Amino acid sequence: MSAPLVEASAPERARNNLEELGLDAMAASAPEYAALVASGSKTFAQALMEMTDAQVAAVRARDLDRRVEKANFPYVKTLADFDFSFQPSLSRPVVEELASLGFLERRENVVLVGSPGVGKTHIAVAIGVEAVRARKLTYFVDCQRLVGDLKRAAEKGALERRMRFYAHLSLLIVDEVGYLDVDKEGADLLFQLVSRRYERRSTIVTTNVGIGAWAKVFGDPVVASAIADRLCHHCTVLKITGRSYRTKDLAPDRDAESGG
């Protein structure tokens, strides 16, 4: 003879219903809040408000994770992770003002110049993360990948569609300009993109080469000047002259310590 079915308690049924509806955060806390309401520690309205607050926070966190993933960041770092004391050449107030995103509203650009490892990409990503949090359409791409993507689109007859994607972004972050030279076709494609975004959308560029030396990077001083003029017309240029973070924790050389 089979055992009689035991009907689930009201809190259990509520938790099961919440799970079925996909309200996992509320489901997880349902038994606890049921007990608090039963004991008189909280009113039903208070419990419902706190449970829904937790669910809203969970939904927002998942949504942020999805948007951060779509932004294509190489990693996720914030300004809180940046050691400004290690890079005294970098103005913290200026960076924090950029992170407030006023430059996006003004459709201005940012160029971060410095040797490899000084934190240019970190700063660019941190500002990008703030833009994503503000629900601004943001995308991160290194210069060579961007050029390659545009070239492939041109070969397939899909350049206009790809240009529209990049031109529509509220914030485009182009990393590592200057690490590798760009051929004439690539330079022309970048010029087209920069021209489309000029005074319409904001771009952040990181580069290890001074803007005045971009003629070598792009192989054509006229195209290089045209790209630089449009990027720098309404722009904040930050030059970071400190040491590389990658050598920050290296032990000092013994000979240097002894004065040798």
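A nonpolar core is a set of buried Ala, Val, Leu, Ile, Met, Phe, Trp, Tyr and Cys residues joined through side-chain atoms within 4.5 Å. In this predicted model, the largest such core holds 32 residues. L146, L150, Y166, W214, F218 and I227 have the most contacts inside it. β1 (109-114), β2 (138-142) and β3 (171-177) each give two or more residues, and so do α7, α8, α9 (184-197), α10 (214-218) and α11 (221-232). A second, separate core has 30 residues, including A71, V95, A99 and F140.

Start with Y166. Setting aside neighbours within four places in sequence, Y166 touches Y139, L146, D149, L150, L172, L193 and R197.

Now take the helix pairs. Two packed helices are described by the angle between their axes and the distance between the axes. Helix α7 spans residues 143-155 and helix α8 spans residues 159-168. They pack at about 145°, with axes 7 Å apart. From α7, the contact uses L146, D149, L150, A153 and A154. From α8, L159, R162, M163 and Y166 meet them. The contact residues divide into 7 nonpolar and 2 charged, with no polar ones.

α8 also packs on α9. Their axes come within 9 Å and cross at roughly 50°. The crossing is right-handed. On the α8 side, L159, E160, M163, R164, Y166 and A167 take part. On the α9 side, the partners are L189, Q192, L193, R196 and R197. The residues of this contact divide into 6 nonpolar, 1 polar and 4 charged.

Methods
Residues are numbered from 1 along each chain as its sequence is written. This is a predicted model: local features need pLDDT of at least 70, side-chain atom pairs count only at pLDDT 80 or more; totals for chains, interfaces and linings use all residues. Side-chain values use heavy atoms; hydrogens and water are left out. Axes are lines fitted to C-alpha atoms, for helices over the stretch in contact, and angles run from 0 to 180 degrees between N-to-C directions. Helices (H or I, at least four residues) and strands (E, at least two) are DSSP runs, numbered from the N terminus. Contact means heavy atoms within 4.5 Å. Ala, Val, Leu, Ile, Met, Phe, Trp, Tyr, Cys and Pro count as nonpolar, Asp, Glu, Lys and Arg as charged, and the others, Gly among them, as polar. Buried means under 20% relative accessible area, exposed over 50%, partly exposed in between (1.4 Å probe, protein chains only). A crossing is left-handed if the near helix is turned anticlockwise from the far one by less than a right angle, and right-handed if clockwise.
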